Amino acid sequence: MTDILIKNLPILVVLCPLMMSLIVVLIPNIFLSSLLTFASTFVAFIFSILLYQEVQIHSTISYALGNWAPPIGIEYVIDKVSIIPIIIITLIGFLTTIFSSKVMPDEINETSISKVYSLWLLAIAGLIGLVTTGDAFNLFVFLEISSLASVALVAMGAQKDKQALVAAYNYLIIGAVGATLYVIGVGLLYGITGTLNMADLSERVVDLKNNKALIAGFGFMIVGIMVKAAIFPMHIWLPKAYAYAPSAVSVLLAATATKASLYILARILFSVFDIADNLIINTLSYVILPLSIIAMFAGTIMAIYEKDIKRLLAHSSVAQIGYITLAFAIGTKASVAAGFIHVFNHALIKGALFMAITSISFYIQKRVTLSNLSGLGRAMPITFFCFVICSLSLAGLPLTAGFISKLYLIKASISADGLWIAILILFSSALSVIYLWKMIEALWLQQPKKEIIIKENPKIYTSLLIITFLNIYFGLDASFVVDSSIEAAEKLVGVSK
Amino acid sequence: MISFENLILITLLSPLLVCLLTPLLSSRTILRDILGPLGGIISSWGAIQLMASILNGEQPRLELLQIAEGISISFVVTPLGAIFGLVASVLWIFAAIYSVGYMRGNKEKNQTRFYIFYAMAVHAALCIAYAGDLLTLFIFYEVLTFSTYPLVTHKQNEMAQKAGRLYMSILVGTSVILLLPAIIWVWVVTGSLEMSQNGVLDGRMNPEYAPYLLAMFVFGIGKAALMPIHKWLPAAMVAPTPVSALLHAVAVVKAGVFTMLLILTNVFGIDFLSKTGASNWLVWLASFTLLTTSIIAIYKDDIKARLAYSTISQLSYITLGGALASSMATQGATLHIITHAAGKITLFFVAGAIYVGAKMSKISELNGHGKSMPLIFLAFFVGSLSIIGVPPMGGSWSKFFLMLGAAESGYITVIAVFCISTILNAYYLMEIPARAFFFKKEREVKIKIPILITIPTLITCFLTILLFFFIEPFENLTSIMVNKL
């Protein structure tokens with residue numbers, strides 16, 4: 001029994017939320033549907049932990065879907081690289097589901113809650129599928145599943161604020177363009193190599209150096225993924241979508257959605273294609289590197305001038321994604337590892353910050369802007385405490401998870417002879433202190449306009465406390481994150497680099 | 001016999017314990033106020049034991065936590081650290097007593113919060129003193145900045161908020177943008193975050209890059225207040241005086257110059273510096289800061305502002321001593337950490353006493369008040385003599401060594417700089433007791449100075465004299481530091 005379970009884990013981790021989403025939509029009872037959602041995300045999280053253990057033993061698990069042997073059939077690959085996003089998605093999915101149980105009914109009509117949970121599970125399933133699959137076209141399918149589910153989720157925000165419809169429409173159109181570009185790229189590659197399996201692709205593209213169709217296909221694929229990963233300047237859908245989605249949805253999307261696409265980007269750059277190839281070197285140093293640096297600053301500066309807190313955090317995400325792509329762009333083993341460390345830590349940080357802001361807006365029953373934060377810190381000490389810790393983590397202060405990311409990122413860029421990059425990274429992170437400080441100052445130092453009495457709800461702050469604790473824990477004992485990221489980087493760019 | 005690990009823990013944790021216990025006792029003010037001095041006594045006892053062990057040729061160390069491979073939090077007691085640790089913990093006893101007198105005498109709000117962060121800052125300073133590697137040093141350097149922010153903005157008014165912003169942006173900004181990459185640069189070059197007594201860079205780093213790395217360190221360590229990043233120190237003077245006294249004359253700024261000296265001696269190494277001349281530019285920058293801020297101090301009428309600029313100037317003595325890259329100058333710089341701390345804390349105590357007792361903060365208001373507060377102004381006089389470097393005060397030793405060091409490394413101009421600055425010191429410091437004792441009184445003021453303020457002031461004043469006669473153990477420590485013993 002356990003053998004069968006272990007053997008089928010790679011597909012079970014996807015199927016568990018996918019199947020449950022079909023069941024949940026049929027259940028009108030709010031309590032039951034949220035319980036089922038909770039259960040299935042929890043099981044998916046357990047599965048991902050089991051997978052992690054398996055990967056430690058076997059290093060790579062290949063699963064042939066329907067027993068059609070790859071490269072003909074669809075292959076699911078779990079290795080030391082893909083296990084990182086799987087753990088992130090299932091962990092955050094699980095935590096946000098706990099969190100959503102109280103927040104969701106506040107923003108969504110009773111009749112639509114089970115539909116929302118169904119979409120919720122669908123989005124999670126899509127994201128997990130995206131990172132487990134080893135097939136370039138199957139990847140597109142999952143990309144669309146997760147995107148369309150997220151678009152619908154964002155649109156659900158319209159019950160509170162009609163702007164959500166515009167945001168969702170933007171997201172839909174831009175996302176569809178991205179997906180189309182990606183699939184055109186896949187089509188071109190399929191045309192010249194005759195395969196869709198990524199491992200197989202990587203063997204066949206070696207012989208096709210300087211093939212024009214290959215270069216075009218690669219370009220389409222990369223741009224398509226960059227849209228999904230919200231890499232500057234293809235990020236324009238992101239701030240609005242995060243800002244107007246129902247609160248719990250923004251937490252989920254901010255922490256997981258772009259992470260999966262970033263993983264795909266790394267996979268295509270380093271695993272399908274070869275880092276030693278001129279095409280990749282040029283892409284990294286002339287496209288991704290400059291765009292990342294611009295993103296770092298543009299995102300931060302936009303955040304400094306933003307008044308709406310959810311949108312502020314979304315702008316900050318754009319900058320943080322810049323750090324991750326910058327790490328990939330440097331292209332050494334150490335820097336790719338640093339990128340993965342930050343993928344993990346940023347999911348924790350941004351998830352926590354969005355959770356904190358969502359809790360605040362739940363308590364005060366208003367959109368959270370800088371001006372109505374005044375003096376709330378005293379009224380909700382637990383939420384405020386978590387918010388401060390996670391802000392410090394975002395700024396990269398020592399003893400938090402964010403510091404570990406910064407440390408490895410800086411070290412990687414200095415050892416790749418990029419002292420100036422290191423200084424730029426630190427300069428932008430010093431700038432990020434400005435917007436964080438503005439929020440903390442408003443929460444703590446300013447006097448509230450009128451006396452506010454708020455009773456913090458344990459159903460809301462439990463998951464916030466857990467994720468804040470993780471932020472500190474992974475700052476004090478980072479070996480799990482660091483070791484698995486270094487192993488992932490070794491697998492992607494080779495041991496010697 | 002207590003093991004060295006426990007001894008380090010006792011010294012470091014007693015301020016942290018004070019910080020944690022204070023909020024529990026917030027309603028019992030007497031117990032709460034005793035905690036600080038008590039913690040100071042325990043902590044200084046530990047610091048003295050650690051110093052004794054260094055004199056016996058041992059090297060206490062403690063591995064606390066391994067964060068990831070190659071990154072850990074560890075503590076090692078070096079001669080330099082032993083000295084800084086002793087200064088911070090001993091002076092904390094008196095500053096803690098003094099702050100009780102000050103906070104009560106001034107009827108300040110939020111006293112519990114004040115004591116919490118006060119103890120926290122001392123804890124951070126001690127952790128810096130015993131930091132065993134560069135990362136631990138950096139971490140507690142930041143903790144110190146953050147724990148002093150609520151103290152600087154204690155009054156929570158517009159001015160305090162503005163000063164707090166300047167304080168944070170300079171200290172955090174410089175440390176994050178320059179100090180952190182400099183540390184990581186050393187990590188990349190040497191492959192570890194460890195330091196060693198003779199430096200770690202010799203033979204591993206291209207000497208051509210050394211001045212740039214040094215510049216990143218020098219401007220990254222904002223707490224050492226070299227020009228042009230000195231502005232935060234005068235801004236921080238909005239804080240209550242006990243904060244200015246312990247933190248901005250001792251713990252914070254000394255943490256800055258301590259870090260600077262540690263980097264110069266234990267990362268670069270004196271030999272490496274003198275061989276490559278990487279620190280030559282720093283000699284001139286420090287000399288410039290030293291003279292310029294002395295001149296600015298003359299024009300400041302606010303007592304605390306004048307003392308702040310005087311502090312910046314005295315900090316440059318220490319940086320200059322390290323930059324001269326000779327063993328004698330390094331010894332002088334290290335001794336100056338002690339002697340200046342004792343002298344300057346006395347001067348700040350006096351400034352606070354005058355503010356609490358007579359509500360005066362301007363020098364021009366002091367005319368003729370010497371007779372009504374004779375002990376206080378006497379303490380100021382003695383403290384000033386020590387800062388100026390007149391025997392029989394402790395300050396004379398450090399200046400003596402610094403001048404010898406300048407001669408040893410062949411910087412004759414620097415000796416002249418020291419002489420000119422001594423004259424300037426005398427000019428701007430002596431004005432205060434001179435006005436108090438010899439000028440005519442302009443108006444009558446009711447004076448009431450709490451006894452808890454007078455006593456610590458007199459004790460630290462007495463310490464400056466004691467240091468003249470009992471400098472030997474400290475000198476031995478500095479000799480161990482530069483490998484003379």
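The model is predicted: local features need pLDDT of at least 70, side-chain atom pairs count only at pLDDT 80 or more, and totals for chains, interfaces and linings use all residues. Residues are numbered from 1 along each chain as its sequence is written, while chains are lettered from A and ligands numbered from 1 in the order in which they are written.

**Where the chains meet**
- Chain A brings 22 residues into contact with 19 residues of chain B; two residues are in contact if their C-beta atoms, placed from the backbone, lie within 7 Å.
- On the side of chain A that touches chain B, α17 (401–415), α18 (419–444) and α20 (479–493) each supply at least two residues. Helices (H or I, at least four residues) and strands (E, at least two) are DSSP runs, numbered from the N terminus.
- The largest share of that side of chain A, eight residues, comes from α18(A).
- Sorted by class, the side of chain A that touches chain B holds 17 nonpolar, three polar and two charged residues. Here Ala, Val, Leu, Ile, Met, Phe, Trp, Tyr, Cys and Pro count as nonpolar, Asp, Glu, Lys and Arg as charged, and the others, Gly among them, as polar.

**The nonpolar core**
- The largest nonpolar core has 392 residues, and of these A:Val154 and B:Ile128 touch the most other members. Such a core is a set of buried Ala, Val, Leu, Ile, Met, Phe, Trp, Tyr and Cys residues joined through C-beta atoms within 7 Å.
- A residue is buried if 20 or more other C-beta atoms lie within 10 Å of its own, exposed if 12 or fewer, and partly exposed in between, with C-beta atoms placed from the backbone.
- Leaving aside neighbours within four places in sequence, the contacts of A:Val154 include A:Ala164, A:Tyr171, A:Tyr244 and A:Val249.

**Chain B as a whole**
- Chain B has 18 helices and two strands.
- Its radius of gyration is 21 Å, close to the 23 Å that the globule rule gives for 485 residues, so chain B is as compact as a globular protein of that length. The radius is taken over C-alpha atoms, and the rule is 2.2 Å times the number of residues to the power 0.38.
- The C-alpha trace of chain B spans about 70 × 55 × 45 Å along its principal axes.
- Of the 485 residues in chain B, 61% are buried.
- Among contacts in chain B with a separation of 6 or more, 82% join residues 24 or more positions apart.

**Backbone details worth a look**
- Most residues other than glycine have a negative phi, and most peptide bonds are trans.
- The bond from A:Phe232 to A:Pro233 is cis, with omega near 0°, and A:Pro233 sits in the loop between α9 (212–228) and α10 (237–244) of chain A.
- In chain B, the bond from B:Pro391 to B:Pro392 is cis, with omega near 0°; B:Pro392 lies in the loop between α14 (374–388) and α15 (395–408).
- A:Leu399, although not a glycine, has a positive phi of about 75°. A:Leu399 belongs to the loop between α16 (381–395) and α17 of chain A, and is buried, with 20 other C-beta atoms within 10 Å.
- A:Asp417 also has a positive phi, near 60°, and is found in the loop between α17 and α18 of chain A. With 10 C-beta neighbours inside 10 Å, A:Asp417 counts as exposed.
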